[in-house]
Amino acid sequence: MISIEDIKKPENIAYRRPALLTDNVMHYCPGCSHGTVHKIVAEVIEEMGIQEKTVGICPVGCSVFAYNYIDIDWQEAAHGRAPALATATKRLCPDKYVFTYQGDGDLASIGTAEIIHACARGENIVVIFINNGIYGMTGGQMAPTTLLGMKTSTTPYGRDAKLNGFPLVIADMIAHLDGTAYITRQSVHTAPAVRKAKSAIRKAFEYSQMGVGLSFVEIVSTCNSGWKLSPVEANKWMVEHMFPKYPIGDIKDVPAGR
Amino acid sequence: MAEKILMKGNEAIAISAIRNGVDGYFGYPITPQSEVMETLMKEKPWETTGMVVLQAESETSSINMIYGGASCGKKVMTSSSSPGISLMCEGISYIAGAELPCVVVDVMRGGPGLGTIQPSQSDYNQIVKGGGHGDYHNIVLAPASAQDMYDFIDWGFDLAFKYRTPVVILADGIIGQMMEKVELHPMKPRRTAEEILKAAPWATTGKTADRERNIITSLSLDADIQEKFNRKLQAKYAVIEENEVKFSEYLTEDAEYVFVAFGCSSRICEAVVDGLREEGIKAGLLRPITLYPFPEKEIARLATQVKSMMSVELNLGQMVHDVRLAAGGKCPVGFYGRQGGNIYTPEEISAEFKKFNGLE
Amino acid sequence: MAIKGAIEVDEQKCKGCSVCVANCPTGSIRLSDKVNSKGYHYAEMTGDGCIGCSQCAVVCPDSVITVYKVKI
């Protein structure tokens, strides 16, 4: 019988955190999807060996401090404007891998003009879109992607279409634009889901150097604090309620002929 | 002999950008400065110098493209006119807060609101006093000719990179639209990647093993850190105020009366001074070339020499407050202005001057 | 041949979110009765059923789990 100590030897390591993640403790709430997405972004950059060629652009919202966690050069944008920063960065430095990391308030509300026009122009950038249907950092207000009936601090009786309008399904909207090359919707609530999301991010990074247009990876996520659920319950709620409105899978993959 | 070409002030901005090694221009059409981007698109500098030119979806996006491009250590610029500049002020505040270099050209038109498309100088307060939120300054250069428009691009970028701060070229519809001879200086190449690393070691050029990651941000959240940073900014502004003031004077040596005017108004006031001199009135002109930093020491000196000063502006009295502050009550400071795109004649200013000084 | 695994949790950085517990196919992780300096009940291995499949580490939002695996 082999002892635990004998198993825990460097040569037996099957998985460890990517070296590209810094030692900083993430400020996110326990169970927050942001941490998992940060990790797979770090893994993709590390595995592709492109740390020196990558520029990240973080948003305003919970992930405003993304630059504290992945060891690459970062720009911190004004609310919603990350695609504008990315546009200039990529056009001025075409050899760089340029990605934005944005939440639903940032990308789908205040930043709709910037994201839609970056898509329409076919900017060769990667957009990682965290959609958890709520404003996390400001304390759980309604987001453009909040589901009908969903309770938030500014829809305390549930989102009512007459009062608040309907959820914005951004990925489907931009799929109609000729400048987008790859649009996919993923999640990170199970290990297989994380692996698929990571493959999608890797594909998006690879496409960004092929001059084929904008790649958009939406991650349907949880905000357990805002949703007032435990992390595990929030994952279940996401599967039951978010997935029907925001179904997981590829929406568009032009280089692959889809 | 250097090449001289007849062109509009707006065209001079575009040609100067190409010839002075600017890396990128990002803008949005608005009268009376649309010729800047039109000229760039016609010249196609991406085929010659490699300069990037892009028409953005809004002024908001343009200024944030500037933020992104400046973050990479590139020489990037935009241009707009008053209502568009209002939209850019958020971005300019972020650029000041992130200590990024850039050049913004404001070809002023009448406001408030959509206003008029004729010349004005009514963005003085907005640009010289800030415009966006927070304790920051733009370095503000006031061109008075198409040649200035050409020359100030290179000067502006020198200052922007020297101090890591936004520089605004505060022009007006007259300077933008007027055609004059412009002397072209020798071409300056765009910076190489190595030169950018040297000029902007703080830029997001890709994290290498020999340095920590570069983060461009204006966020601190911690009150003490923010206060410390703001004091650092103020210390930088003190150095700018000490070293970068620029002005020109016309017949002030023996002047008993001095006009203070910038941009197109200074050109008109030169004619006023000439007319008054012919009548035996010892008038002179101080033209601030930098509006921030403001030539307050020279105004203070002149205030002890003259009987009065008069600030002449295409607005309802904005710079005059800075002139009065600098004069420190040592002499009366009058004001004359027109608005809405109307422009004064030298005779009109002369009459107002005489009324103010009781010379009739 | 059997596969044996083990995990090591960075106890001080674990926030006790339990996502790893829910994802473990062999029920080999639980939250400890003890708390770390932040007051979180951190994750820990339990029993000898771990097969080193890495599911726990892959879903961990704070990347605090290292996984080891041997074939015996």
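User: Where does B:Lys354 lie?

Analyst: B:Lys354 lies in helix α13 of chain B, residues 346–357. Keep in mind that this is a predicted model.

User: Buried or exposed, that B:Lys354?

Analyst: Buried. B:Lys354 has a relative accessibility of 17%, and the cut-off for buried is under 20%.

User: Which residues does B:Lys354 touch, leaving out those up to four places away in sequence?

Analyst: B:Leu276, B:Glu279, B:Ile281, B:Leu359 and B:Glu360.

User: Staying in chain B. How many residues of strand β7 are buried?

Analyst: Seven of the seven. The strand covers residues 166–172 of chain B, and it is largely enclosed by the rest of the structure because those residues are buried.

User: Which residues point which way from β7(B)?

Analyst: B:Pro166, B:Val168, B:Leu170 and B:Asp172 point one way. B:Val167, B:Ile169 and B:Ala171 point the other way. Both sets are buried.

User: What does strand β5 of chain B do with β7(B), parallel or antiparallel?

Analyst: Parallel. Strand β5 of chain B, residues 102–108, pairs with β7(B) over seven bridges. In one of them, B:Cys102 has B:Pro166 as its bridge partner.

User: And strand β6 of chain B, over how many bridges does it pair with β7(B)?

Analyst: Three, again in the parallel sense. Strand β6 of chain B spans residues 139–141. B:Leu141 stands opposite B:Ile169 there.

User: Switching to interfaces. How many residues are in contact between chain B and chain A?

Analyst: 34 residues of chain B contact 36 residues of chain A. The two chains bury about 2700 Å² between them, with 60% of it on carbon and sulfur atoms.

User: Which three residues supply more than any other three of the area that chain B buries against chain A?

Analyst: B:Glu57, B:Lys207 and B:Arg213. They supply 24% of the area on the chain B side.

User: How many salt bridges across the interface of chain B and chain A?

Analyst: Four by the rule. One side-chain pair that meets in a salt bridge is A:Arg81 with B:Glu90, at 3.7 Å, N to O.

User: Which elements of chain B give two or more residues to the side that touches chain A?

Analyst: β2 (24–27), β3 (52–55), α3 (59–71), α4 (82–97) and β9 (215–216) of chain B. α3(B) gives the most, with eight residues. The side of chain B that touches chain A divides into 14 nonpolar, 13 polar and seven charged residues.

User: β9(B) is on that list. Which strand of chain A does β9(B) pair with?

Analyst: Strand β3 of chain A, residues 73–76. The pairing is parallel, over two bridges. A:Trp74 has B:Ile215 as its bridge partner in β9(B).

User: What is the strand order in the sheet that has β9(B)?

Analyst: β10(A)-β8(A)-β9(A)-β5(A)-β4(A)-β2(A)-β3(A)-β9(B). That is an open sheet of eight strands with mixed pairing.

User: Why is one side of β10 of chain A and of β9 of chain B left without a neighbour in the sheet?

Analyst: Because both stand at the edges, each with a single partner strand. β10 of chain A covers 249–253.

User: How many bridges join strand β4 of chain A to strand β5 of chain A?

Analyst: Five. β4(A), residues 97–103, and β5(A), residues 126–131, run parallel. A:Tyr101 stands opposite A:Ile128 in β5(A).

User: Now chain A and chain C. How many residues from each are in the contact?

Analyst: 34 from chain A and 33 from chain C. Between them they bury about 2700 Å², 63% of it on carbon and sulfur atoms. A:Ile7, A:Lys8 and A:Tyr15 supply 21% of the area that chain A buries there, more than any other three residues.

User: How many salt bridges across the interface of chain A and chain C?

Analyst: Zero by the rule. It does find twelve residue pairs in polar contact, both residues at pLDDT 80 or more.

User: Which element of chain A gives the most to the side that touches chain C?

Analyst: α8(A), with four residues. By class, the side of chain A that touches chain C has 19 nonpolar, eight polar and seven charged residues.

User: Which strand of chain C does β1(A) pair with?

Analyst: Strand β4 of chain C, residues 65–71. The two are antiparallel, over two bridges. A:Ile13 stands opposite C:Tyr68 in β4(C).

Definitions and conventions. Residues numbered from 1 in each chain as written. Chains lettered and ligands numbered in written order. Predicted model: local features only at pLDDT ≥ 70, side-chain atom pairs only at ≥ 80, totals over all residues. Heavy atoms only, no water. Contact = heavy atoms within 4.5 Å. Buried area = accessible area lost by both parts, 1.4 Å probe. Nonpolar A, V, L, I, M, F, W, Y, C, P; charged D, E, K, R; others polar. Pairing = 2+ DSSP bridges. Buried < 20%, exposed > 50% of the residue type's maximum accessible area, 1.4 Å probe, protein only. Polar contact = N/O pair within 3.5 Å; in protein donor to acceptor, adjacent residues only side chain to side chain.
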